[in-house]
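Hello,

Here is the structure I promised to pass on to you. Please open it next to this message and follow along as you read.

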Amino acid sequence: MNSTTHSPNVVARLTGQFCARLRTATSGRRFRPSLWGGAVALAAHSRADTTAALKNVCARVIGLSADTGRVLGDAAVRAAHTLSLLTLKPGLFTADGREHAGQVWWHGLGLASATAPPQAWLSGRPGWPPRGHGQHKGSFGDVLVLGGAAGMGGAALLAARAALACGAGRVFIARLDPAEALAVDPQRPELMPRRPESLLSPAVLGAATVVCGCGGGTAVAECLPAVLADAARLVLDADALNAIAGSTALQAALLDRASRQRPTLLTPHPLEAARLLGTTTAAIQADRLAQAQALPVFQPAQLFDRRY
């Protein structure tokens, strides 16, 4: 998803399609005349920066910021379908955009793809390669889930079950509550419980994908130095992010991990992101992509918002 620039004659080519789609979407509904003003503005637009014109139309017709997904003013249209021309606009997929855009259609109008780097990537369902008859659980990698402090064991359990559902070969769950550390999950008995200390060696961490923080409470901070240093691939969630936000030593370890280009996925919700950046949830929600890009590890690490 990004921005691009095209010559003014693009406007003439797309206006008819745009207005026809808009009439279809709004047929039988009563909207203010100013909503059609956006289409008129598009038809009359003669500047070279056509993408800026389209963003202006998005704001005027839908009432939604094309960049941030924020509702502009008192209300915005809740569309069944939204046609995005030339590029997919980030605001259609973040903040309030998902509730207001409906099903998003895209048309590139036959023009060359943008050369500017994208602002974000849309993650879809991964394609699962077929599995051979001779393969087994050892063929599909190990996942270690570290979390589940006292009273929060369900978070780690849900993460471990999800790893199995996504095709992981072996899934180990290490709950930080000593009373539950070795409990067997009756719904997914193939999950292998372990005590956390048994999974924190460089050899074990270096051969697995580690999910750390789910319901970990303050206890998860003790696991993080080893995890940040040695995990082959790492997902940092919930209380692991809170621990990092409150510790300059752990922040330095995360940056060191990023400098070594170790695959790392951060999954903050708005409050956790605010703690990492030392700001407020309101500031995060005002421009979620810009705030994500402000994180020092944005380039080497990837971010995924848990608020679906």
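Below is what I found, part by part.

Please keep in mind that this is a predicted model.

**The nonpolar cores**

Let's begin inside. The largest nonpolar core has 26 residues, and V210, C212, L224, V227, L234 and L236 touch the most other members. Several elements give two or more residues to this core, among them strand 3 (142-147), strand 6 (209-212), helix 7 (224-230) and strand 7 (233-237). Which helix gives the most to it? That is helix 8, with 4 residues.

Leaving aside its neighbours within four places in sequence, L234 is in contact with V210, C212, V227, L228, R257, P263, T264 and L265.

There is also a second, separate core of 15 residues, which includes A168, V171, V211 and C214.

Next, look at helix 8 (residues 238-245) and helix 9 (residues 248-259). Their axes come within 6 Å and cross at roughly 110 degrees. Angles of 65 to 115 degrees count as roughly perpendicular, so helix 8 is roughly perpendicular to helix 9. On the helix 8 side the contact is made by A243, I244 and A245, and on the helix 9 side by L250, Q251 and L254. Sorted by type, the residues of this contact are 5 nonpolar, 1 polar and no charged.

**The cysteines**

How many disulfides does the structure hold? The count is 0. A disulfide is a covalent bond between the sulfur atoms of two cysteines, and a pair counts here if the sulfur atoms lie within 2.5 Å. For C214, the closest cysteine sulfur is in C212, 7.9 Å away, so this pair is too far apart for a bond. The sulfur of C223 also has C212 as its closest cysteine partner, at 6.0 Å, again too far for a bond. Are these two cysteines buried or exposed? C214 is buried, with a relative accessible area of 5%, and C223 counts as buried at 5% relative accessibility.

**A glycine in a loop**

Finally, find G148, in the loop between strand 3 and helix 5 (153-165). G148 is buried, with a relative accessible area of 1%. Not counting residues up to four places away in sequence, G148 touches G153, A156, R175, L176, D177, C214, G215 and G216.

Enjoy exploring!

Key: Residues numbered from 1 in each chain as written. Predicted model: local features only at pLDDT ≥ 70, side-chain atom pairs only at ≥ 80, totals over all residues. Heavy atoms only, no water. Axes fitted to C-alpha atoms, helices over the stretch in contact; angles between N-to-C directions. Parallel < 35°, antiparallel > 145°, perpendicular 65-115°, else oblique. Contact = heavy atoms within 4.5 Å. Nonpolar A, V, L, I, M, F, W, Y, C, P; charged D, E, K, R; others polar. Buried < 20%, exposed > 50% of the residue type's maximum accessible area, 1.4 Å probe, protein only. Core = buried A, V, L, I, M, F, W, Y, C linked by side-chain atoms within 4.5 Å.
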